[in-house]
Amino acid sequence: TTTTTTTTTTTTTTTTTTTTTTTTTPTTTFGCFSQSSTVVVEGRGRISITDVQPGDMLVDGSAAGTSQFVSFMHVGEQLAPFVAIQAGNNTIKLTALHLLYVVDAKQGAELVKASEVRVGNTVILADGEHAIVDAVSIVEEEGFISVLTASGQLAVDGIVASSYTASKVYPGEPISLRHALNQPLIWLAQAAPSLAAPMLSSEYHWYQQVTRAPRAMAHAFRSIAKAVEARMPALATVSCTGSL
């Protein structure tokens with residue numbers, strides 16, 4: 001009697017997400033969401049953030065309720081650290097420099113870097129309601145993505161965040177300036193959505209190259225104006241009503 005034994009080897013690949021409770025700030029220099037995030041799209045329900053399509057209307061927590069998706073602005077597949085902010089049943093994961101709304105009793109809603117959010121802070125939910133932050137931790141996950149909407153904000157995993165990040169190149173740069181520079185791209189998305197949105201395989205959006213020079217010029221003029229105002233305060237209040 002001859003017995004034949006067949007051995008089958010099964011290889012299992014496991015993706016591990018490491019979560020810690022440390023308050024050490026992640027060292028990424030960009031602002032993005034985790035690719036494991038979800039968003040709510042009008043008519044499509046809750047979907048993966050990577051499945052958003054040109055023309056989609058995303059729930060953004062604004063008075064209007066939704067805002068048009070413009071484009072993915074930065075996409076990467078590598079391992080990256082994220083700040084995980086939990087408020088009730090909602091947990092948003094975004095990089096340290098990414099901005100989200102924190103509500104202050106005196107000053108109202110302000111954009112704050114994810115790395116500066118603390119337990120006890122108040123965030124805004126997708127339905128406009130407020131929620132207290134229960135936990136903040138650092139997680140590492142593969143894949144990050146940045147999303148621009150027409151309103152400049154969106155609800156990710158139930159918590160409202162900005163489309164923008166705090167700039168290391170131009171500290172203190174107003175988000176209103178960044179959004180104004182993106183307005184032509186927003187108009188393009190409204191007129192021809194497929195032209196504004198690049199393929200997901202593109203790490204950076206082409207429009208970022210277009211606005212690099214105007215952004216640098218705007219920052220230069222802003223710096224000059226601040227320097228002049230600081231050194232010669234009288235120039236800021238000079239009046240032209242006097243006689244020659």
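Modeller: Two strands count as paired if DSSP finds at least two bridges between them, and helices (H or I, at least four residues) and strands (E, at least two) are DSSP runs numbered from the N terminus. This is a predicted model, in which local features need pLDDT of at least 70 and side-chain atom pairs count only at pLDDT 80 or more, while totals for chains, interfaces and linings use all residues. Residues are numbered from 1 along each chain as its sequence is written, and side-chain values use heavy atoms, with hydrogens and water left out.

Biologist: Fine. How many helices and strands are there in the chain?
Modeller: The chain has 5 helices and 14 strands. Of its 244 residues, 41% are buried, where buried means under 20% relative accessible area, exposed means over 50% and partly exposed lies in between (1.4 Å probe, protein chains only).

Biologist: And what share of the contacts joins residues at least 24 apart?
Modeller: Taking contacts as heavy atoms within 4.5 Å, and counting those between residues at least 6 apart in sequence, 62% join residues at least 24 apart.

Biologist: Let's look at β13. How does β13 run relative to β14, parallel or antiparallel?
Modeller: β13 and β14 run antiparallel and are joined by 4 bridges, with L154 having A161 in β14 as its bridge partner. The two strands form a hairpin with 2 residues between them, and D157 takes a positive phi near 50 degrees there.

Biologist: Which residues of β13 are on each side?
Modeller: In a regular strand the side chains alternate between the two faces of the sheet. In β13 (residues 153-156), Q153 and A155 are on one side and L154 and V156 on the other, and with all four buried, both faces of the strand are covered.

Biologist: Switching to charges, how many salt bridges does the structure hold?
Modeller: The structure holds 4 salt bridges, each defined as a side-chain nitrogen of Lys or Arg within 4 Å of a carboxyl oxygen of Asp or Glu. Among them is D56 with R44, at 2.6 Å from N to O. D56 is in the loop between β4 (45-48) and β5 (57-59) and R44 in the loop between β3 (38-41) and β4, so this pair ties together parts that are 12 residues apart in sequence.

Biologist: Are D56 and R44 buried or partly exposed?
Modeller: D56 is buried, with a relative accessible area of 10%, whereas R44 is partly exposed at 39%. Another of the salt bridges joins E173 and R178, with the closest N and O atoms 3.6 Å apart; E173 is buried at 9% and R178 is buried at 12%.

Biologist: You mentioned β3 and β4; how many bridges do they pair over?
Modeller: β3 and β4 pair in the antiparallel sense over 4 bridges, and T38 stands opposite S48 in β4. They form a hairpin with 3 residues between them, and G43 in the turn has a positive phi of about 85 degrees.

Biologist: Last topic, then: how many aromatic pairs does a search of the whole structure find?
Modeller: The search finds 1 aromatic pair. The rings of F69 and F72 have centres 4.9 Å apart and planes at 55 degrees, so the pair is tilted. Rings of Phe, Tyr and Trp (its six-membered ring) pair if their centres lie within 6.5 Å, and planes under 30 degrees apart count as stacked, over 60 as edge-to-face and the rest as tilted. F69 is buried at 2% relative accessibility, and F72 is buried with a relative accessible area of 6%.
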